[in-house]
Amino acid sequence: MKKTGPIVAELRAGMREYLASLPEGARSFPECQADAGLVLGLSARGVLEGLALAPEVRDALGSARDGHWLPEIVHVAVLLALRDARFGGPAGDDALIEWVEGISRPLAVPAAGEGGPGDAAAAVRAAPEVWARFHRGTRLEVAQLGERAADLLYRHPDGIFPPVVLEWRRRVLLAMLAGAGAVTPSATLEARPGEGTAIHLAW
């Protein structure tokens, strides 16, 4: 049964619809976690003040500490709340992504540096290990790797990541390729129900 409750019902449309789409609302997919550093950094900047958040999300934020893990749902909830309140809802997806792109560099930069400049393939090989440093319960896998292209599979439960989050992570991978010296990197997403999201890279 989906749990929305009176406080969730007061959230703006993006957040409300996202939580309502999950099998157990804000308590869904507890095994899928991410390093708490992202939301702690946002909280330290004061940008989370006044946001309408589900009680479970607010409680999780209140107990988070450096080195802790938080459910991916909490991270998504915070990003959608920011988008709804500060970036004009779905029309502000690009602005939101640009604003948080710097925070995603822990995935892009270390992976890019694994093979040195000009070695995008080495960066792709390193990406799953780097991903695992910041995420649990979801996986980034290299399904096929060539000299100028790669197919990755981002394994995650259906519905956990809305389009804006998947687009943000697509851009993280583009930044990784660019950091490894790729001049014209590209990344496309393909939904794989029951598996996650396929990511096709070229450079």
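**View 1. Helix α3 packs against helix α5.** In this predicted model, α3 (residues 37–44) and α5 (residues 72–86) meet at an angle of about 35°, with their axes 10 Å apart. Helices here are DSSP runs of H or I with at least four residues, strands are runs of E with at least two, and both are numbered from the N terminus. Axes are lines fitted to C-alpha atoms, for helices over the stretch in contact, and angles run from 0 to 180 degrees between N-to-C directions. On the α3 side you'll find L38, V39 and L42, which meet H75, V78 and L82 of α5; contact means heavy atoms within 4.5 Å. Sorted by type, the residues of this contact are 5 nonpolar, 1 polar and no charged (nonpolar is Ala, Val, Leu, Ile, Met, Phe, Trp, Tyr, Cys and Pro; charged is Asp, Glu, Lys and Arg; polar is the others, Gly among them).

**View 2. L61 sits in the largest nonpolar core.** That core has 61 residues, and V57, L61, L201 and W203 have the most contacts inside it. A nonpolar core is a set of buried Ala, Val, Leu, Ile, Met, Phe, Trp, Tyr and Cys residues joined through side-chain atoms within 4.5 Å, with buried meaning under 20% relative accessible area (1.4 Å probe, protein chains only). Leaving aside residues up to four places away in sequence, L61 touches V39, L48, L53, L70, V74 and V78.

**View 3. A sheet of 3 strands, with α5 lying across it.** The open sheet runs β2-β1-β3 with antiparallel pairing; two strands pair if DSSP finds at least two bridges between them. Its edge strands are β2 (69–71) and β3 (135–136). Strand β1 (residues 33–35) joins β3 over 2 bridges, and A34 stands opposite H135. Helix α5 lies across β1, β2 and β3, at about 70° to β2.

**View 4. A sheet of 4 strands carries helices α8 and α9.** Here the order is β4-β5-β7-β6, again an open sheet with antiparallel pairing. β4 (139–145) and β6 (186–192) are the edges. Further in, β5 (residues 149–155) and β7 (residues 196–202) pair over 7 bridges, and Y154 has T197 as its bridge partner in β7. Helix α8 (residues 120–134) touches β4, β5 and β7, while helix α9 (residues 163–179) touches β4, β5, β6 and β7.

**Notes.** Residues are numbered from 1 along each chain as its sequence is written, and side-chain values use heavy atoms, with hydrogens and water left out. Local features need pLDDT of at least 70 and side-chain atom pairs count only at pLDDT 80 or more, whereas totals for chains, interfaces and linings use all residues.

Technical notes: Buried means under 20% relative accessible area, exposed over 50%, partly exposed in between (1.4 Å probe, protein chains only).
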